[in-house]
Amino acid sequence: MFFSLRNGSGNKYAILISGSTNMRHEANLELAYKILIENEYEEKNIFIFDKNGWSKILFSYPVTGAASKEELKKIFSHLRKKINPDDQLLVYTTDHGGEEL
C-alpha cells in the first residue's frame, strides 16, 4: 500500500473496495483495515465493500456492503454530506480491473 496516514485535526474516513472474491484481495482488505485501525481511524468511519457483500475471512473486518455501482454511489453521497474541509478521505481499491465497477 502506498498512502500517507497523516495526523490532522479533522476526522479520518476510508472506503476500501474489492471487486474480486479472490482470497488475495480479501487479504488486502484485511491488511488495509488493520493498518487504518492502528493509525487511529475509527471503525465507524471505515466503509468496506466486497464483491459479494461479505468476506470469506470471517470476522476479520466488517463488510459494509457489496462492491456495486449503486452501493458505492450511496456511500460517496453520504460522505459528501458528512466530510468537512479538515477531514480526510482515503479510497483504496484492490482487484485486477475490468468493467464491472
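Q: Why is Val91 called partly exposed?
A: Val91 has a relative accessible area of 43%, and the term covers values between the limits for buried (under 20%) and exposed (over 50%), with a 1.4 Å probe and protein chains only, so Val91 is partly exposed. This is a predicted model, in which local features need pLDDT of at least 70 and side-chain atom pairs count only at pLDDT 80 or more, while totals for chains, interfaces and linings use all residues. Residues are numbered from 1 along each chain as its sequence is written, and side-chain values use heavy atoms, leaving out hydrogens and water.

Q: What makes Lys34 and Glu30 a salt bridge?
A: Their side chains meet at 3.5 Å, N to O, and a salt bridge needs a side-chain nitrogen of Lys or Arg within 4 Å of a carboxyl oxygen of Asp or Glu, so the pair qualifies. The two are four residues apart in helix H1, and are therefore separated by about one helical turn.

Q: Are Lys34 and Glu30 buried or partly exposed?
A: Lys34, with a relative accessible area of 43%, is partly exposed, whereas Glu30, at 19%, is buried because this value is under the limit for that word.

Q: How do you know that Glu42 and Lys44 meet in a salt bridge?
A: The N to O distance between their side chains is 3.7 Å, which is within the limit, so the pair counts as a salt bridge. At 40% relative accessibility Glu42 is partly exposed, while Lys44, at 62%, is exposed.

Q: Why is His96 called exposed, and which residues does His96 touch?
A: The relative accessible area of His96 is 59%, which is over the limit, so the residue is exposed. Not counting residues up to four places away in sequence, His96 touches Arg24 and His25, where contact means heavy atoms within 4.5 Å.
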